[in-house]
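Reader: Please walk me through this model. Start with the terms, then go to the details.

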Amino acid sequence: MSRLLSILITIMFAVALVTLGRWYIYISNTTSPYDEVGIELNSRMPYPLRKYGCGKLQATFMNALPPYGCGDDQGRWI
């Protein structure tokens, strides 16, 4: 039972690490703020992380429309 629990914890840690890594690659990119996977990950992050991600994207792409999760109803960055 102990071995199964350690395997499950390792798998959960690996999934979290890959997810956060992919999210960070998205928010620190310099090509486009409209990557589908990145948008989805960012929009599902807790508010403080999403706000941080949107801030980094806005600094890089000031003149672009905000992607889903980074804009308000008026189409402005949050």
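Author: First, a definition. Buried means under 20% relative accessible area, exposed means over 50%, and partly exposed is in between, with a 1.4 Å probe and protein chains only. This is a predicted model: local features need pLDDT of at least 70, side-chain atom pairs count only at pLDDT 80 or more, and totals for chains, interfaces and linings use all residues. Residues are numbered from 1 along each chain as its sequence is written, and side-chain values use heavy atoms, with hydrogens and water left out.

Reader: What share of the residues in the protein is buried?

Author: The count runs over the 78 residues of the protein. Buried residues make up 26%.

Reader: In what order do the elements run from the N terminus?

Author: Helices (H or I, at least four residues) and strands (E, at least two) are DSSP runs, numbered from the N terminus. The protein has 3 helices and 0 strands. From the N terminus on, the order is α-α-α.

Reader: Against which helices do the buried residues of α2 pack?

Author: Helix α2 covers residues 36–43. Gly38, Ile39, Leu41, Asn42 and Ser43 are buried there. They pack against α1 (2–27) and α3 (47–60).

Reader: Is Ser43 buried or exposed?

Author: Ser43 sits in helix α2. Contact means heavy atoms within 4.5 Å. Not counting residues up to four places away in sequence, Ser43 touches Arg50, Tyr68 and Gly69. Its relative accessible area is 16%, so Ser43 is buried.

Reader: Which residues does the disulfide join?

Author: A disulfide is a pair of cysteine sulfur atoms within 2.5 Å. The structure holds 1 disulfide. With S to S at 2.0 Å, the pair is Cys54 and Cys70.

Reader: Why does that pair tie together parts 16 residues apart in sequence?

Author: Cys54 lies in helix α3 and Cys70 in the segment after α3, so the pair ties together parts that are 16 residues apart in sequence. Cys54 is buried because its relative accessible area is 0%. Cys70 counts as buried at 0% relative accessibility. The linked positions are thus helix α3 and the segment after α3.

Reader: What is the hand of the disulfide?

Author: The torsion about the S-S bond of Cys54 and Cys70 decides it. The value is about -85°, so the disulfide is left-handed.

Reader: How far apart in space are Thr60 and Leu5, C-alpha to C-alpha?

Author: Thr60 is in helix α3. At 39% relative accessibility, Thr60 counts as partly exposed. Leaving aside neighbours within four places in sequence, Thr60 is in contact with Asn29 and Thr30. Thr60 and Leu5 are 55 residues apart in sequence, and in space the C-alpha atoms are 42 Å apart.
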